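Please look through the structure below before reading on.

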Amino acid sequence: MPVHRSGTAQTSRRRLAAAGALLSSLALLLALPGAASGADVPERGTARMGQGVIAHDGPQAGSPARAAAAAQTEGVDVSGHQGNVAWSTLWNSGVKWAYVKATEGTYYKNEYFAQQYNGSYNVGMIRGSYHFATPDTTSGAAQANYFVDNGGGWSRDGKTLPGVLDIEWNPYGAQCYGKTQAAMVAWIRDFVNTYKARTGRDAVIYTATSWWKDCTGNNAGFGTTNPLWVARYAAAVGELPAGWGFYTMWQYTSSGPTVGDHDHFNGALDRVQALANG
């Protein structure tokens, strides 16, 4: 005789099937590049230079040899993450230049900017400021103007370095901010052109080679105008993004003393001064 299933059993089976489909969709979403759970996404404004390097390029793999570092000038980069910085300690350890996060997007200004920017200057360092880019929130021009208006300007005083565009992995979502490679290149161009129009200086571009390849298609169009600050936590700087034959600055660790993020300027102190003077 035919067996008749109850409506309750059929409903339970449908619910189980729907739950299985939902779990499969969630697993696929979490597997997508750049996807993150709500608990993993930091608060807007807290991003800092090099935040994504270890997660995407791997942990620290050695440190630059002393012989190679002899013709380099030590620097640091800081953000609100460090709070009030012990600049005298850094100066006495041999650090001679610094970059300070000024802004992010068009919605955040570093609350410790004055202590960090003025404090580094007051101990004798040559210093500048940087902007953490969020290309998914506003245009390159809007962010360049916000940066210049909130600490990212430049003056020919011999102690102020040109501003930096920090363009790297998105800590808040998809690593390329939802942009195609062509759209990302256009956004960067919009930023650096606006910065040049406002200050008379070409902005430094901070990035990592792997991000640049993924998100700009390894575009070679900025190397003749914009100095390169490359991120690579290793004993050697390795491959550079297309268009640059050499780096101007190299962020080589996030595990330095006093302040974690340490950098080499590719040259002696007089070359740092030359960049500041324009």
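What follows is a walk through this model, beginning with the chain as a whole.

The model is predicted. Its chain has 278 residues, of which 46% are buried. The secondary structure consists of nine helices and nine strands. Of the contacts between residues at least 6 apart in sequence, 70% join residues at least 24 apart. The chain exposes about 12700 Å², and 54% of that area is supplied by carbon and sulfur atoms.

In soluble globular proteins, nonpolar side chains tend to be buried together. Here the largest nonpolar core has 66 residues, and those with the most contacts inside it are Trp97, Tyr99, Ile167, Ile188 and Trp229. Helix H7 gives the largest share of this core, seven residues.

At 1.5 Å a residue, its 19 residues should span 27 Å, and the end C-alpha atoms are 27 Å apart, which agrees. The buried residues of H7 are Met184, Val185, Trp187, Ile188, Phe191, Val192, Thr194, Tyr195 and Thr199. An α-helix has 3.6 residues a turn, so residues three or four places apart point the same way. Among the elements covering the buried residues of H7 are strands E4 (126-132), E5 (164-166) and E6 (204-207), together with helices H6 (140-149) and H8 (209-216). After H7 comes Gly200, with a positive phi near 80°.

Met184, which lies in H7 (residues 181-199), is buried because its relative accessible area is 0%, under the 20% cut-off. Apart from neighbours within four places in sequence, Met184 is in contact with Pro135, Ile167, Cys176, Tyr177, Lys179, Trp211, Cys215 and Thr216. The C-alpha atoms of Met184 and Gly217 are separated by 9.4 Å, and these residues are 33 apart along the chain. Ile188 touches Leu165, Ile167, Ile205, Trp212, Thr216 and Phe222, again not counting residues up to four places away in sequence.

Which backbone angles remain to be noted? Most residues other than glycine have a negative phi. Asn218 is not a glycine, yet its phi is positive, about 60°. Asn218 lies in the loop between H8 and strand E7 (228-231), and it is partly exposed, with a relative accessible area of 24%. Thr258 also has a positive phi, near 70°, in a residue other than glycine. Thr258 is found in the loop between strand E8 (249-253) and strand E9 (262-265).

Methods: Residues are numbered from 1 along each chain as its sequence is written. Side-chain values use heavy atoms; hydrogens and water are left out. Helices (H or I, at least four residues) and strands (E, at least two) are DSSP runs, numbered from the N terminus. Buried means under 20% relative accessible area, exposed over 50%, partly exposed in between (1.4 Å probe, protein chains only). Contact means heavy atoms within 4.5 Å. The expected span of a helix is 1.5 Å times one less than its number of residues. Accessible areas come from the Shrake-Rupley method with a 1.4 Å probe; for residues, only the protein chains shown count as cover. A nonpolar core is a set of buried Ala, Val, Leu, Ile, Met, Phe, Trp, Tyr and Cys residues joined through side-chain atoms within 4.5 Å.
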